[in-house]
Amino acid sequence: MLERAPDDRLLRQWARVRGRLREEFGDAAFKSWLKPMVLQEVRDAGIRIAVPTRFMRDWVANHYGSRLATIWNEENSAIRAVDVIVAPSLSSSKTTPRTDAGDDDHEPSDAPAAVAEPEINDLSAPLDARFDFDSFVVGKPNELAYAAARRVAESEIAPFNPLFLYGGVGLGKTHLMHAIAWHIRQRNPKRRVMYLSAEKFMYQFIRALRHKDTVAFKDQFRSVDVLMIDDVQFISGKDSTQEEFFHTFNALVDQNRQVVISADKSPNDLEGIEDRMKSRLGWGLVADIHPTTYELRLGILQAKAERLGIPLPAKVLEFLAHKIASNVRELEGALNRIVAHGTLVGREIGLEMAQDVLHDLLRAHDRRVTIEEIQKRVAEHYNIRLSDMHSARRARAVARPRQVAMYLAKQLTARSLPEIGRKFGGRDHTTVMHAVRKIEELRGADPNFAEDVDLLRRMLET
Ligand code: ADP
Ligand code: MG
């Protein structure tokens with residue numbers, strides 16, 4: 001029987017498998033279930049993957065098992081089976097003796113060597129090596145957030161506390177937070193930087209409660225110089241965690257330690273968070289990241305292409321920047337897919353090939369929002385009747401919102417101009433074209449208007 005510890009090649013394949021799982025199942029599922037997996041060993045044609053608890057093993061095996069095996073097989077055709085096992089020493093609760101009998105989520109196994117003590121105490125999540133300031137492309141939509149992040153990273157004393165970064169999914173919040181952490185660690189390794197998701201914060205806190213270990217928990221958090229909590233919207237509702245978070249937050253800010261928070265909404269718009277907390281979160285600098293513009297998307301694609309060292313025709317990059325407007329993560333995914341396809345199949349990368357490879361993705365995008373939804377949202381937003389989207393009324397108060405809706409229909413769906421015209425009370429395609437131009441012109445001339453339209457677009461996209 002062949003049995004061995006994973007070598008470099010396998011570890012690289014494993015990294016790719018994880019990347020694909022993350023892409024497929026999304027960040028939240030990945031973080032909760034897939035990230036804790038550890039590649040343990042290879043036996044014959046099977047691979048063993050360890051997770052910290054029995055519950056997790058069952059969940060991963062039931063929900064992701066077959067996909068895991070398929071992806072592994074695609075990365076390495078010698079792998080035929082994937083076995084998920086429990087290795088409780090992977091759990092960071094290792095230092096705490098488990099006495100509560102009701103807690104059946106672990107079982108003995110021939111676990112790998114214990115994780116080193118300091119690692120256990122370090123609650124900070126690992127940082128992604130690719131997320132530094134150098135690889136972050138700056139444009140209008142993110143320039144404030146970027147400048148603020150840099151300032152925080154370069155200052156010994158908190159310039160604003162907290163720094164609150166917010167914006168839609170996949171727009172670079174996590175990237176900026178990691179970049180801050182890298183920068184600080186590099187400049188002054190003595191400063192203690194802790195980065196973790198709000199979900200993990202919650203999880204750790206609940207565990208500490210369960211093990212009556214909250215004092216140590218508090219001490220750990222309160223001894224850091226910089227605390228960064230990602231996706232704080234997940235803390236909403238969970239009362240005791242919120243309370244604890246609030247205390248930790250206050251203690252750190254009072255001592256002038258830097259706190260950086262990210263969320264998908266502004267402090268005021270966070271749901272299920274107490275008012276005093278909302279107001280406290282907004283005390284420092286609140287910087288939002290706007291949806292990407294075409295220019296930024298193109299810039300990001302060019303930077304990524306350069307990093308990959310693969311020559312990609314400008315036409316292809318422009319096509320992607322035009323078509324994949326949702327967020328940077330999807331944009332990257334699309335680019336990776338084209339590059340992977342090109343190198344694997346040995347097909348030359350061109351416009352037609354890109355369209356081919358991204359066929360389903362582009363279609364999914366188009367399906368995402370319908371003209372009817374756009375009309376409804378826009379009518380609500382401008383407080384006009386839905387029927388005015390189809391009516392012949394030409395008063396500015398209804399004509400302008402109608403033009404906005406046509407513009408968004410053009411941007412967010414794959415419908416042709418005549419098709420869009422038909423949905424707006426049987427208007428001619430030249431009317432739609434005129435509307436699109438008009439709105440573009442107004443956007444350029446009036447930043448408030450542009451922001452308004454972006455907001456609508458963001459609501460429709462999520
Ligand atoms: P969020 O945390 O806001 O959901 P992420 O920070 O995870 O988004 O970003 C998603 C992906 O897009 C990451 O791979 C990140 O590196 C990339 N990304 C986002 N914004 C930029 C940017 N301005 N320049 C380069 N890459 C970016
Ligand atoms: Mg994030």
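In this predicted model, helix α10 covers residues 294–308, and its 15 residues should span 21 Å at 1.5 Å a residue. The buried residues of the helix are Leu296, Arg297, Leu298, Gly299, Ile300, Leu301 and Ala305. Helices α11 (314–323) and α12 (328–345) are among the elements that cover them. Just after α10, the backbone at Gly309 adopts a positive phi of about 70 degrees.

Stepping back to the whole protein chain, the secondary structure comes to 19 helices and 9 strands. Of the 462 residues in the chain, 47% are buried. Among contacts with a separation of 6 or more, 72% join residues 24 or more positions apart.

An open sheet is formed by 5 strands in the order β6-β7-β8-β5-β9, with parallel pairing. Strands β6 (193–197) and β9 (285–289) stand at the edges with a single partner strand each, so one side of each has no neighbour in the sheet. From one strand to the next, the twist averages 15 degrees. Strands of a sheet pair through backbone hydrogen bonds, in either a parallel or an antiparallel sense. Here, β6 pairs with β7 (residues 226–230) in the parallel sense over 5 bridges, and Tyr195 has Met228 in β7 as its bridge partner. The pairing of β7 with β8 is also parallel and runs over 4 bridges; Val226 stands opposite Gln258 in β8. On the other pairing of β8, strand β5 joins in the parallel sense over 4 bridges, and Leu163 has Val260 in β8 as its bridge partner.

Strand β8 is mostly covered, with 6 of its 6 residues buried. In a regular strand, side chains alternate between the two faces of the sheet. In β8, Gln258, Val260 and Ser262 point one way, while Val259, Ile261 and Ala263 point the other way, and all are buried.

At 1.5 Å a residue, its 15 residues should span 21 Å, and the end C-alpha atoms of α5 agree, being 21 Å apart. The buried residues of α5 include Leu176, Met177, Ile180 and Ile184, together with the histidines His175, His178 and His183. Lys173 is buried as well. The buried residues of α5 pack against α4 (143–154) as well as β5, β6, β7, β8 and β9. Helix α8 (residues 239–254), for its part, lies across β7 and β8 and runs at about 140 degrees to β8.

Several loops show backbone geometry worth a visit. Between α4 and β5, the loop contains Pro162, which is joined to Asn161 by a cis peptide bond with omega of about 0 degrees. Lys212, in the loop between α6 (198–210) and α7 (214–222), has a positive phi near 50 degrees although the residue is not a glycine. Lys212 is exposed, with a relative accessible area of 75%. Asp231, in the loop between β7 and α8, likewise is not a glycine and has a positive phi of about 55 degrees. With a relative accessible area of 15%, Asp231 is buried.

Finally, the aromatic side chains: the count comes to 11 aromatic pairs. One of them is the edge-to-face pair of Phe25 and Tyr64, 4.7 Å centre to centre with 80 degrees between the planes. Phe25 lies in helix α1 (residues 8–34) and Tyr64 in helix α2 (residues 54–75), so the pair ties together parts that are 39 residues apart in sequence. Phe25 is partly exposed, with a relative accessible area of 29%, whereas Tyr64 is buried at 8%. Elsewhere, Phe201, Phe205, Phe217, Phe221, Phe245 and Phe249 form one aromatic cluster. The ring of Phe133 has a charged residue over its face: Arg150 lies there at 4.6 Å from the ring centre.

Conventions. Residues numbered from 1 in each chain as written. Chains lettered and ligands numbered in written order. Heavy atoms only, no water. Pairing = 2+ DSSP bridges. Helix = DSSP H or I, 4+ residues; strand = E, 2+ residues; numbered from the N terminus. Axes fitted to C-alpha atoms, helices over the stretch in contact; angles between N-to-C directions. Contact = heavy atoms within 4.5 Å. Phe/Tyr/Trp six-rings, centres within 6.5 Å; stacked < 30°, edge-to-face > 60°. Buried < 20%, exposed > 50% of the residue type's maximum accessible area, 1.4 Å probe, protein only. Lys NZ or Arg CZ within 6 Å of the ring centre and 35° of its normal. Expected span 1.5 Å × (residues − 1).
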